[in-house]
Amino acid sequence: GEEESSDNDGRIVQSLFRFPASQLGPEFEQLLNLWYDEWLYTTNNENGTAIITPDPSGKQHALQSVSIPATTLFRRQCYGAAPIKSPQFTNLYNNLEQRRKEIEFQYIQDPKEEMTMLHTMVKRFYPAFSTVDNHSGTSAAAHLHKKKVVSTEDTIHAKTNLPLDYDSPSKLAFQTLKLSSPDTEDDDDDDSPTQQWSWRPAGQFSNRGMSNFLQWRVKFYHTMRTKLQRQLSKDTPGFKFSHGRPSGMYWYPPGAVREWHSNYLDLIGNTKEKKTGNEKIYASQTWRMYFIRTVRDEEFDGLLQNLGVGGIISADVDDHSAMHIIPGEDEGITLDVLQKAGARPLTKEEKQRQWKDEFAEEYSNSTFAGEEVDSGEEGTLDRNSVWRLPDKNGYVTFFRLPKLFHCIVSEEVHRYSLGFAFSDDEVQALLKLAKVDFDVYVDGKGYTDEL
């Protein structure tokens, strides 16, 4: 209606963009260097590229954790479109997301307690996807969302008849600690900052801060609001960041997953009745931007080779992890928008990952395993189908909340992501800096922005 049109006026029409981060210039590269040097503790190779080495203890934990029932269930769901096609599953995912936010917004002083609560919640919740009394009339994708995965066979990592309590909250509330200098690791008097990762449901690591996190955050904010802001103001006169901020840092080892979600509660903030005064800020940050680094792992590639998966193992880091999306009701997602961002329908082989992958045993129910699952085809847009936005190392992805259901999968690489929350005005300035075309609404209609 007219009211909706006026609300959209001046806003970006498209809901998805992706391009090389280098288009944001050296000022954005300085932000990345802060992330590399003071968070990930990387070193540089002869080409000046940051080398990311996975934390050994976290990597070992992930090798087993990606094969547990809950992680396997949510990972395989990322290759099926049930969240949109079935109101039942839409509600399940929204309820899961709400419970996660309620726990996270409690700001528990001990992060391990928060992790334990999150894993307790997921362990109790995922059987809601897996109870099937009667298979008749149930589509393959829907049945996939209901089945409970029990790993009993050898997989790429180990025998997956894991200890009975391995998927207990106490085991999964796992944290890594890494000193900034390997030479001081055994020095009890060393006060070097530590960097922590926690294993979070359904299955990926996220940052939990470090001893000088506030100092790092202030430095990051300062770099955003000085050097990068000055550069942005050249293309957008008078531009200033309002509340743009880093929104999260994540590490997805091979087999890791972030289940289907829409981030709809991110625009609300604290879901408790207590008001924080920041509700308008949260509501304004309708965009997320993620910078992606992908890293191959010689040890994992060797396991793949031994298992005989896919023949010769490629050294390529692109398209071995991805964001999957379902266009749904998001009017800013069109076939043209998807294709310009580099998205594509799932391949036949990718669809089969609903039933089997190298991380847990094959689902062999003959009633469903061979059934064709709906997916988009080249040149058409089924708004209820799964589209794959393959990761490209060193690229940034912008997407708008809250209508876009999306999930993250990592199949053969360690996927590191640095996230930001931005308003529409901030994203327009960033797109102009990157020389990326976009349209804006004027009187309810989309017009191309003049760069």
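1. D235 sits in helix 10 (residues 213–235) and K435 in the loop between helix 15 (424–433) and strand 16 (439–442), so the pair ties together parts that are 200 residues apart in sequence. Helices (H or I, at least four residues) and strands (E, at least two) are DSSP runs, numbered from the N terminus. D235 is partly exposed at 32% relative accessibility, and K435 is exposed at 55%. For these labels, buried means under 20% relative accessible area, exposed over 50%, and partly exposed in between (1.4 Å probe, protein chains only).

2. A word on the ground rules: this is a predicted model, where local features need pLDDT of at least 70 and side-chain atom pairs count only at pLDDT 80 or more, while totals for chains, interfaces and linings use all residues. Residues are numbered from 1 along each chain as its sequence is written, and side-chain values use heavy atoms, with hydrogens and water left out.

3. Back to the charged pairs: the whole structure holds 23 salt bridges. One of them joins R344 and D319, at 3.0 Å from N to O. R344 belongs to strand 11 (residues 344–345) and D319 to the loop between helix 12 (298–307) and strand 10 (321–326), so this pair links parts that are 25 residues apart in sequence. R344 is buried, with a relative accessible area of 18%, whereas D319 is partly exposed at 29%.

4. D391 and R415 also meet in a salt bridge, at 2.5 Å from N to O. D391 is in the loop between strand 12 (387–390) and strand 13 (395–400), and R415 is in strand 15 (residues 414–422), so parts 24 residues apart in sequence are tied together. Both D391 and R415 are buried. Salt bridges with shared partners also join D319, R344, E350, R388 and E411 into one network.

5. Now the nonpolar side. The largest nonpolar core has 55 residues, and F28 and F398 have the most contacts inside it. Such a core is a set of buried Ala, Val, Leu, Ile, Met, Phe, Trp, Tyr and Cys residues joined through side-chain atoms within 4.5 Å. Helix 2 (residues 25–40) gives the most to this core, with eight residues. Another core lies apart from it and has 29 residues, among them L96, L118, V122 and L346.

6. E331 lies in the loop between strand 10 and helix 13 (335–341) and is partly exposed at 42% relative accessibility. The C-alpha atoms of E331 and Q14 are 8.0 Å apart, although 317 residues separate them along the chain. Setting aside neighbours within four places in sequence, E331 is in contact with R383, K403 and Y441, where contact means heavy atoms within 4.5 Å.

7. Last, the sheet: five strands form an open, antiparallel sheet in the order 8-14-10-12-11. Two strands pair if DSSP finds at least two bridges between them. Strand 8 (257–261) and strand 11 are at the edges with a single partner strand each, so one side of each has no neighbour in the sheet. Helix 4 (residues 69–77) packs on the sheet against strand 8 and strand 14, its direction making about 55° with that of strand 8. Axes are lines fitted to C-alpha atoms, for helices over the stretch in contact, and angles run from 0 to 180 degrees between N-to-C directions.

How values were computed:
A salt bridge is a side-chain nitrogen of Lys or Arg within 4 Å of a carboxyl oxygen of Asp or Glu.
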